[in-house]
Amino acid sequence: MTQKDQNQTALKKTSPPDPKPAAPHDKRRPAPQTKPGAPANNHAPPRVEIRPVASPARIKKRHRWVLLGFANFVLLPLCLVGFYLATAAKDRFASTAGFTVRQEEGASASDLLGGLASFAGGRGTGDSEILYEFIRSQAIIRRIDKARGLRAYYAQHWDQDPVYSLWPDASIEDLEWFWDRVVRASFDQSSGLIEIEVLAFDPQMAQTIASDIVRESQDMVNALNQRARTDAISYAAADLTEAEKRLKTIRAEVTRFRTRTQIVDLQSDIQGRMGVMNNLQQQLATELVEFDELTGTTRADDPRVSQAMRRIEVIRDRIAQERQDFATTEVTETGEDYPSLISEFEGLVVEREFAEQTYRAALAARDAAQGEAIRQSRYLAAYIEPTLAEEPEYPRPFVIFGLAALILVLGWGVIVLIYYSLRDRA
């Protein structure tokens, strides 16, 4: 050991040890006490409590249960779904068809008549809605099942693929439920377009069922047309019968009036009486003119003046008498006055004219209804003929597997969140 090292060792032995600094936040250190009467130390540091350091994380029992639940409720079902789609699910082919109900364009006889027979073959605004409901109804299912044997066809793979097949002993109600799975119909209410997609185990069967649906829809539209035609013709014929009956009744009343009054044509009789009145009026005007000329050229005591005045008075009396007779004369056969008969006859004439107009309108409506019945006012317009698939489009395993994974993971996550929420509350 050198001299320098010996000096440092001796210095360490003789120097007092340094006091150990106390921890500034030691719990065991007592708080400083203030003496009585001494001012409080407002600048003393606050006391801070330090919690113990957390222990290292370890896998606990509940974590194992969560992982086990994930394996049982997510991984295992996904494996089963993938295995089923890869081995058991049968390929299905799709056939698409699109059509709509069209109204015959162009002016019809009803339109040309100004609406007198607008009810004949009128347009049905809900034809597409009716057809859409018919495609999903049990009636069309029964007809196609009777023709194609749908229950036997869709139950042929029940032993291998029960998910996408129909059970062998299915009833018509079961087939109606299964129909919505293999026949997907969509309807656009704004445009009236109907599109269907038929699924089957082979492309020919899918196309055949789609063609049957189109044919049955056409028959349904024809039935609607026939019903509309029958109703239009029957209503028009009933209106025509009623108008004809009314016209006959009015004409019979006019005949009875003529028989009772023995006046064949009251209008001609009135014109004859008015002719007499007009003739007297003309004679009076002529005599007045001659009288004015005579008084202007002769004296007042001229005998021609008195004779002219006498003729004028006689004509005026006759006009007054004719007017009185026209207003008060009674018809000998009936005892009624002439104005009452005129009023009655005019009422009959007005009713007869109205009945004749109604009859002509009903006759035109009947003819228009028959004309509309000859043409097909509604028809099924197919804008997509039933297609023949070359490759299967379903069951789309990747889409189904992805949706199953999403639903299972979300369900498992919701269950775990509910468990931890209940555990924290407890």
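Biologist: At roughly what angle do the axes of helix α2 (residues 61-87) and helix α12 (residues 397-425) cross?

Modeller: In this predicted model, the axes of helix α2 and helix α12 cross at roughly 165 degrees and come within 10 Å. Because angles over 145 degrees count as roughly antiparallel, α2 is roughly antiparallel to α12. The crossing in which α2 passes α12 is right-handed. On the α2 side, the contact is made by Arg62, His63, Val66, Gly69, Phe70, Phe73, Val74, Pro77, Leu78, Val81, Gly82 and Leu85. Helix α12 contributes Pro397, Ile400, Phe401, Ala404, Ala405, Leu408, Val409, Trp412, Val416, Tyr419, Tyr420 and Arg423. By class, the residues of this contact comprise 19 nonpolar, 3 polar and 2 charged.

The loop between α2 and β1 (93-103) holds Asp91. Asp91 has a relative accessibility of 44% and therefore counts as partly exposed. Setting aside residues up to four places away in sequence, Asp91 touches Ala200, Phe201, Pro392, Tyr394 and Pro395. Of these, Phe201 lies 110 residues from Asp91 along the chain, yet their C-alpha atoms are separated by 6.3 Å.

Another aspartate, Asp127, is found in helix α4 (residues 127-135). Its relative accessibility is 9%, so Asp127 counts as buried. Apart from neighbours within four places in sequence, Asp127 is in contact with Val101, Leu224 and Arg378.

Definitions and conventions: Residues are numbered from 1 along each chain as its sequence is written. This is a predicted model: local features need pLDDT of at least 70, side-chain atom pairs count only at pLDDT 80 or more; totals for chains, interfaces and linings use all residues. Side-chain values use heavy atoms; hydrogens and water are left out. Axes are lines fitted to C-alpha atoms, for helices over the stretch in contact, and angles run from 0 to 180 degrees between N-to-C directions. Helices (H or I, at least four residues) and strands (E, at least two) are DSSP runs, numbered from the N terminus. Angles under 35 degrees count as roughly parallel, over 145 as roughly antiparallel, 65 to 115 as roughly perpendicular and the rest as oblique. A crossing is left-handed if the near helix is turned anticlockwise from the far one by less than a right angle, and right-handed if clockwise. Contact means heavy atoms within 4.5 Å. Ala, Val, Leu, Ile, Met, Phe, Trp, Tyr, Cys and Pro count as nonpolar, Asp, Glu, Lys and Arg as charged, and the others, Gly among them, as polar. Buried means under 20% relative accessible area, exposed over 50%, partly exposed in between (1.4 Å probe, protein chains only).
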